Amino acid sequence: MKTLRLSSLTRALVAFVVCALPLSARAQDTDRADSSMTNTPPPTYVIRGAHVVTVSGADIDNATVVISGGRISAVGTNVNAPAGAQVIDASGLWVYPGMIDVGTNMGLAEVPSVGATMDTQELGDMNPNVAAVWAINPSSSHIAVTRVEGVTSVLSMPSGGTISGQAAFINLAGSSPREMAVVPDAALVVNFPALGGGGGFAAFQLAQQGITQDALTTRDRRVDELRRMFRDAEAYGRAQDAYAKDPKSVPRPSTDLKLAALVPYARGERPVVFRAERERDIRGVVRFAEDLKLKPVIIGGSEAGKAAQFLKEHNVPVILDSVLNLPLREDDAYDSLFENASKLQAAGVRFCISTGDSGAHVRDLPFNAGMAAAYGLPKTEALKSVTLYPAQILGVADRVGSVEQGKLANLVVTDGDILEPRTHIRHLFINGRQIPLTSRHTMLYDQFKDRQ
Amino acid sequence: MKRLLTLAIMFAAACAAATAQQRGGQSPAVQDTLIRNATVLTVSHGTLERTDLLLRGGKIAAVGQNLKAPDGARVIDGTGKYVLPGIIDAHSHSMMDGSVNECTRSVTSMVTTRDILNPTAVNIYRELAGGTTAALLLHGSCNSIGGLSTTVKFKWGHPAADFPVLGAPPGIKFALGENPKRSNFNIPGLQPRYPATRMGVEETIRDAFTRARDYKKDWDDYRAATSRGEKNLIPPRRDLELDPLVEILEGKRYVHSHCYRADEILMLINIADEFGFKVRTFQHVLEGYKVAAEIARHGAGASTFTDFWGYKMEAYDAIAYNAAVLVRHGIVTSVNSDSDERARRLNIEAAKTMRYGGLTEEEALKLVTLNPAIQLGIDKRTGSIDVGKDADVVVWSAHPFSVYAHPEQTFVDGELLFDRQADIARRPQLEAERKALEAADANRAPASGGTPPRTPPSVRRAYTDDDDVQDVQEDNQR
């Protein structure tokens with residue numbers, strides 16, 4: 001057990017160093033035929049004549065987008081095309097930023113009914129030192145299936161226990177997890193102790209018992225344990241700092257990998273994504289995080305609309321991954337989850353929309369946002385909820401989420417509104433590299449469609 | 001049985017009372033409705049712009065310009081709105097009370113879904129609010145040969161007896177692959193059940209039809225002898241398991257078979273050809289695109305998901321282009337939900353087939369309207385906007401293939417069973433009622449001094465075939 005932990009620390013350090021390196025300094029892997037699997041210097045492209053939906057600002061008609069060095073180097077109507085660029089005529093087409101789903105297990109899950117293909121849930125209750133970035137399978141068939149529908153980045157999260165581990169913010173192209181990672185340790189994932197919910201046998205037991213005093217006590221005890229864990233990490237961080245400052249007189253604190261992993265989160269330096277669905281649990285998370293001075297994000301938020309004012313006052317953002325779920329209660333309005341997003345938006349709460357899917361159905365992200373728009377969310381907000389807003393909530397809006405000069409060139413060229421099911425994706429760029437619109441699905445289609 | 005009957009009567013009485021209350025004591029006759037100036041997607045004969053639609057006596061009475069509203073008719077301004085026939089879901093487990101699987105043996109053709117219809121299941125209402133008006137209620141997929149199916153319209157507010165569609169051909173569920181062989185259900189202490197392989201599934205079905213053929217012969221011989229005037233013959237013993245299989249052999253009962261892989265689809269076609277029956281629909285049929293030619297030659301329909309895939313091994317080769325390939329092979333194809341959740345947005349599932357595989361709008365619209373009606377044998381009554389058909393229609397806020405569209409009103413047999421504005425108007429009253437109930441002592445949380453509540457009944461989530469695992473776990477815990 002001990003060796004295991006030590007080796008993960010070593011790997012963590014290596015990863016940290018590698019990921020901190022600039023793009024150009026990456027090791028050169030062997031090129032593959034699939035351009036998404038290469039890391040040779042990205043070419044220069046010019047997309048011409050498109051209607052550009054920047055998301056961050058006004059749409060620009062008949063515009064040019066220049067992509068070079070993996071980034072968007074120019075956007076506008078008066079842009080000079082660099083010599084030697086590959087030109088893409090996009091007249092009549094639309095350019096969007098790639099969509100972003102920050103509630104997935106992408107690359108950690110392949111076939112849910114086959115245990116051997118699942119790496120989502122580690123054993124044990126408190127696993128802050130477990131990190132998705134070590135287990136994301138860059139060859140998962142979900143990745144290409146997802147990106148060819150216009151989703152270019154996701155947060156891939158572990159999901160077990162109370163503290164599930166650390167999620168990675170990845171682009172959906174690359175031959176290794178570190179190539180894919182925009183932020184390898186983007187957030188800590190916590191299943192906030194709740195009464196009921198969560199499904200499975202525990203929920204069944206609870207339904208049998210009713211919400212008893214015992215259940216309340218158990219919930220409170222688990223919240224206390226979680227609080228103690230964060231407090232210990234905060235103290236551990238201070239002890240380490242004190243030792244680093246004055247190693248001669250301060251005794252060396254012994255290393256604790258769990259606490260070490262928690263320190264940046266306990267200090268509020270990085271986001272903690274708390275799963276909470278019910279109003280009481282959402283309020284509970286906000287108070288808990290405020291008490292500990294964390295940087296909370298709520299995921300789930302089925303009843304967030306009921307706590308909208310409270311969330312606004314406390315400036316806590318919500319990842320809604322339940323738009324298409326059935327209402328929680330029999331007597332909830334039939335559209336209670338469809339219109340949840342519009343309630344948050346109207347109250348000025350920061351929010352975004354996610355599929356909450358393990359991987360196979362992340363490509364449905366635009367239709368989740370679209371459903372919210374069918375029930376009151378303004379269309380422009382629906383688009384932001386799957387592009388700029390998730391980037392802002394995860395603190396990566398300086399790199400992704402809109403079509404702006406300097407951002408990573410994660411772009412989707414379509415023949416219409418990107419949220420509409422009848423729209424077709426025509427071109428795709430991730431990290432400034434054009435990605436073929438092929439996947440396991442298109443290959444099987446081509447293989448069989450003409451068979452007689 | 002007696003208990004069931006009593007329950008059914010109680011249900012019926014309660015529902016009748018509820019309906020009367022909803023209608024404010026009005027006459028039960030259905031009010032006529034005129035929808036004016038809408039875009040009508042007829043499905044059978046194209047799109048009609050700026051068109052009026054008259055619903056009268058539960059039927060579509062007229063489609064045209066400048067129709068006059070009969071006295072007392074409800075008039076709806078359809079300007080900017082779209083009218084689509086009610087969506088038909090060819091694979092549903094909605095309103096089925098309790099487990100949908102009689103799982104104890106692999107041939108359960110003696111049980112019927114008709115016995116477990118719950119007309120008060122709230123998901124019916126939610127599906128009406130998503131534009132779905134009819135469904136094929138299928139037994140679960142635990143068995144090679146499962147229970148009998150029921151074709152229903154979602155007559156929300158009516159007693160259960162009003163739900164089954166009169167004259168709809170009877171059906172039965174078959175299932176192939178991982179579910180009947182119980183591959184994903186290795187639960188400690190659970191007895192394994194034959195069959196455990198796809199070979200065994202084939203043998204189970206072959207064995208059942210062999211028995212059914214012999215049984216049919218016994219009856220045919222008996223009837224022939226009786227009609228020859230022979231006296232004092234002893235009739236063969238009735239076999240409730242084999243009766244439905246004889247109906248299949250006689251072409252009187254539709255087979256709707258759950259399946260995934262290409263090999264098992266071919267296997268059932270082979271058995272059907274050998275025993276001389278037709279498979280009406282292959283359900284799920286996620287690898288149908290690999291053997292579309294064989295399905296077309298057999299003459300079966302196909303009812304699939306648009307793009308639900310990868311949740312188990314046999315769904316790993318599923319592709320979103322499946323429906324398009326099946327349609328292009330001339331197969332009557334539908335897109336179904338198998339989920340109380342997805343059943344609320346089958347319009348979008350159909351629309352996606354224009355993206356995946358490039359179906360035309362008309363082809364895509366048929367996937368959730370006319371084609372499932374054909375598959376269920378109810379296309380003379382419903383599934384398109386044609387004069388004389390049942391008034392099963394939905395008024396949409398925008399084109400139903402737009403992600404931004406939602407249903408405004410849903411009519412079943414001309415009766416307004418969902419109205420978005422009325423629903424919204426009712427909410428404050430429901431909210432007040434909920435508050436009053438929560439304040440009652442019995443409903444206060446124990447922590448705030450209320451009496452602890454009694455054990456609540458377990459509430460089922462939306463059912464999908466993959467819930468089988470949980471069903472078994474829960475059954476074990478009971």
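What share of the 478 residues of chain B counts as buried? The share is 50%, a residue being buried if 20 or more other C-beta atoms lie within 10 Å of its own, exposed if 12 or fewer, and partly exposed in between, with C-beta atoms placed from the backbone. The model is predicted, so local features need pLDDT of at least 70 and side-chain atom pairs count only at pLDDT 80 or more, while totals for chains, interfaces and linings use all residues. Residues are numbered from 1 along each chain as its sequence is written, and chains are lettered from A and ligands numbered from 1 in the order in which they are written.

Chain B holds 12 helices and 16 strands; these are DSSP runs (helices H or I, at least four residues; strands E, at least two) numbered from the N terminus. Two residues are in contact if their C-beta atoms, placed from the backbone, lie within 7 Å. Among the contacts in chain B between residues at least 6 apart in sequence, 69% join residues at least 24 apart.

In chain A, eight strands form an open sheet in the order β6-β7-β8-β9-β10-β11-β12-β13, with mixed pairing; two strands pair if DSSP finds at least two bridges between them. The edges are taken by β6 (99-104) and β13 (351-353) of chain A, and each has a single partner strand, so one side of each lacks a neighbour in the sheet. From one strand to the next the twist averages 25°, with axes as lines fitted to C-alpha atoms, for helices over the stretch in contact, and angles running from 0 to 180 degrees between N-to-C directions. Within the sheet, β7 (residues 151-156) and β8 (residues 163-171) of chain A pair in the antiparallel sense over four bridges. Leu155(A) has Phe169(A) in β8(A) as its bridge partner.

Helix α10 (residues 365-374) of chain A is mostly covered, with 10 of its 10 residues buried. Its buried residues, including Phe367(A) and Met371(A), pack against β6, β7, α9 (340-347), β13 and α11 (379-384) of chain A together with α8 (346-355) of chain B. Just after α10(A), Gly376(A) has a positive phi of about 110°.

The largest nonpolar core has 249 residues, of which Val65(A), Val95(A), Ile298(A) and Val83(B) touch the most other members. Such a core is a set of buried Ala, Val, Leu, Ile, Met, Phe, Trp, Tyr and Cys residues joined through C-beta atoms within 7 Å. Leaving aside residues up to four places away in sequence, Ile298(A) touches residues including Phe274(A), Val285(A) and Val318(A).

Most residues other than glycine have a negative phi, and most peptide bonds are trans. Asn431(A), however, has a positive phi near 55°. This residue lies in the loop between β15 (425-430) and β16 (433-434) of chain A, and Asn431(A) counts as buried because it has 24 C-beta neighbours inside 10 Å. Met95(B) likewise has a positive phi, of about 55°, and is placed in the loop between β6 (87-92) and α2 (122-128) of chain B. With 25 other C-beta atoms within 10 Å, Met95(B) is buried. A cis peptide bond with omega of about 0° joins Tyr194(B) and Pro195(B); Pro195(B) is in the loop between β9 (171-175) and α3 (198-227) of chain B.

Helix α11 (residues 420-439) of chain B is hardly covered, the count of buried residues among its 20 residues being zero. From its first C-alpha to its last, α11(B) reaches 29 Å, close to the 28 Å expected at 1.5 Å a residue; the expected span is 1.5 Å times one less than the number of residues. At Arg427(B), shortly before the proline Pro428(B), α11(B) has a kink of about 35°, the bend at a residue being the angle between axes fitted to the seven residues ending there and the seven starting there.
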